[in-house]
Amino acid sequence: MKARITTFLAVLRETFWVVPSAITLFGIALAVLFVRVDAGELLPVWMRENNWIYNGGATGARSLLAVVASSTIGVAGTVFSITIAALSLAAGQMGPRLLRNFTEDRGNQFTLGTFLGTFGYALVVLRSVRTQDEGVFVPHLSLTVAIVLAFVCVGTLIYFVGHIANRINVDTVICLVSQDLRDAVQRLAVKGQQPSPPPRTFWRGAQPVTDARSGYLQHLDAEGLAEWAAAKGTVIRLLVRPGDYVFPGAPIALAHPAVDGSEAAIRDATALGAQRGSSADLEFAVRHLVEVAVRALSPGINDPNTAMSVVDRLGAALCQLAPLHLPSGVHFKGDRLTLVVPSIDYDGLLDAMLHMIRQNGSGSPAVLIRMLVVLTSVASCERDPARATALQRHADLIVGDANRNIATPADLADIRMAHNGFAGMRHMGPNGHLDAMSDT
């Protein structure tokens with residue numbers, strides 16, 4: 001249940017309509033408040049006679065409010081329709097992540113809310129205006145506030161045009177997605193050494209637990225499931241991790257020893273969704289960055305500079321991860337093992353970051369050299385021998401692809417020189433890197 005509530009709140013936080021709806025309701029409530037102030041003649045005389053307060057008649061008030069209402073809703077509809085069309089074209093180059101950035105962006109939400117809130121305010125005030133035949137009532141303060149809101153909408157429109165033009169810039173998109181990756185590393189990586197999962201022989205004779213649902217695992221209440229397993233005297237091994245797809249009828253976990261209620265407990269501790277997305281899924285942010293690079297390397301776009309910019313951001317995330325450890329997914333209650341959740345390791349993270357970019361950029365010497373340069377920088381930060389070996393594996397794959405796909409001898413020599421620089425950095429540090437580069 002906790003996982004489902006967390007999923008609902010996360011979806012609500014990322015939904016585009018929540019903030020505009022709240023601002024619209026606020027505008028309506030503000031209109032009701034100011035109309036009551038005008039109806040109760042609560043304004044002091046000096047304020048009612050001030051030149052800054054609207055002092056026209058009922059006919060002019062209705063015309064003014066009608067203009068404000070029609071113009072704000074018209075501008076909002078036109079601007080956002082054109083913006084969606086521009087975003088759709090840009091998403092073809094950078095991927096659907098751009099559209100998600102647009103819907104999650106608070107600036108866009110507040111812009112739409114400002115227009116709709118002003119529209120709702122003007123309508124509510126308009127219905128309170130009375131002419132001579134109806135019993136004269138002109139809410140002067142409310143009209144003044146409507147004029148102020150109209151000017152606020154003008155300023156908001158100017159802000160929005162500049163804001164959205166910046167948002168569809170590829171460098172801005174890369175920065176936004178790379179920030180998501182840095183946040184995920186900061187949130188999920190830990191400082192201390194993680195316990196190792198039990199050997200495979202431990203799970204011999206374990207009972208498979210199936211799930212009739214289907215969808216991406218978005219949230220997992222690991223603590224709640226671990227407490228349930230501890231209370232039942234069993235150990236649960238999930239076969240999927242946040243971000244994985246759950247297939248209906250397929251085993252989702254193993255229980256050792258078998259206990260009643262395992263299926264219901266796992267169902268209550270997990271929340272599935274139609275789209276991949278989880279705060280515990282480090283690979284999710286990686287794949288979005290990689291998608292931008294792969295699209296940039298496609299023949300139709302052919303933008304290696306964008307791909308190299310993505311590689312730089314991936315290298316920065318690896319350097320951030322260097323002093324930290326990835327979680328092993330092993331949970332204890334006291335000294336007793338209760339839950340094991342699959343988790344991505346360093347090798348898998350590197351594969352997700354580099355494989356697709358290398359495969360799609362194997363014919364671009366600039367991209368391959370940049371990947372080796374970034375791996376060299378990561379190797380200078382990394383002190384774990386196993387991680388250094390994983391970095392070496394990818395450096396060797398890059399050179400292997402270059403030997404098969406790069407025909408120009410000068411380009412191939414530059415790639416090999418970058419590879420020698422990586423090897424020098426890995427084995428002997430910065431001095432070894434300089435020696436390797438100078439000896440080549």
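Before anything else, the cut-off I need: a residue is called buried when its relative accessible area is under 20%. I also remind myself that this is a predicted model.

**Entry 1: Asp211**

I started with Asp211, which I found in the loop between strand 1 (207-210) and strand 2. Is Asp211 buried or exposed? Its relative accessibility is 3%, so Asp211 counts as buried, given that the limit is 20%. I then asked what its side chain pairs with, and found a polar contact of 2.7 Å to the side chain of Arg213. Beyond the neighbours within four places in sequence, Asp211 is in contact with Val246, Phe247, Pro248, Gly249, Ala250 and Ile252.

**Entry 2: strands around that loop**

Next I followed the strands on either side of the loop. Strand 1 runs antiparallel to strand 5 (residues 251-256), and 4 bridges join them. Thr210 has Pro251 of strand 5 as its bridge partner. Strand 5 also pairs with strand 3 (residues 235-238), again antiparallel and over 4 bridges. There I noted Val235, whose bridge partner in strand 5 is His256.

Strand 2 (residues 215-220) and strand 6 share 4 bridges, and His219 stands opposite Ala271 of strand 6.

**Entry 3: helix 4**

Helix 4 covers residues 58-94, which is 37 residues. How far does helix 4 reach from its first C-alpha to its last? I get 53 Å, close to the 54 Å expected at 1.5 Å a residue. Just after helix 4 comes Gly95, with a positive phi of about 100°.

**Entry 4: nonpolar cores**

I looked up the largest nonpolar core and found 57 residues in it. Which residues have the most contacts inside this core? They are Leu181, Met353 and Ile357. Among the elements giving two or more residues to the core are helix 4, helix 8 (170-188), helix 11 (282-296), helix 13 and helix 16 (409-439).

Leaving out neighbours within four places in sequence, its contacts include Val290, Ala293, Leu297, Val310, Leu314, Val367 and Met371. There is also a second, separate core of 21 residues, and I noted Ala31, Val68, Ala122 and Val145 among its members.

**Entry 5: Arg358**

Last stop was Arg358, in helix 13 (residues 346-360). Why does Arg358 count as buried? It does so because its relative accessibility is 7%, and the limit is 20%. Its side chain makes a polar contact of 2.6 Å with the side chain of Asp401. Past the neighbours within four places in sequence, Arg358 is in contact with Met371, Leu397, Ile398 and Asp401. I also checked Arg358 against Gly107, which is 251 residues away along the chain, and their C-alpha atoms are 36 Å apart.

Definitions and conventions. Residues numbered from 1 in each chain as written. Predicted model: local features only at pLDDT ≥ 70, side-chain atom pairs only at ≥ 80, totals over all residues. Heavy atoms only, no water. Expected span 1.5 Å × (residues − 1). Pairing = 2+ DSSP bridges. Buried < 20%, exposed > 50% of the residue type's maximum accessible area, 1.4 Å probe, protein only. Contact = heavy atoms within 4.5 Å. Polar contact = N/O pair within 3.5 Å; in protein donor to acceptor, adjacent residues only side chain to side chain. Core = buried A, V, L, I, M, F, W, Y, C linked by side-chain atoms within 4.5 Å.
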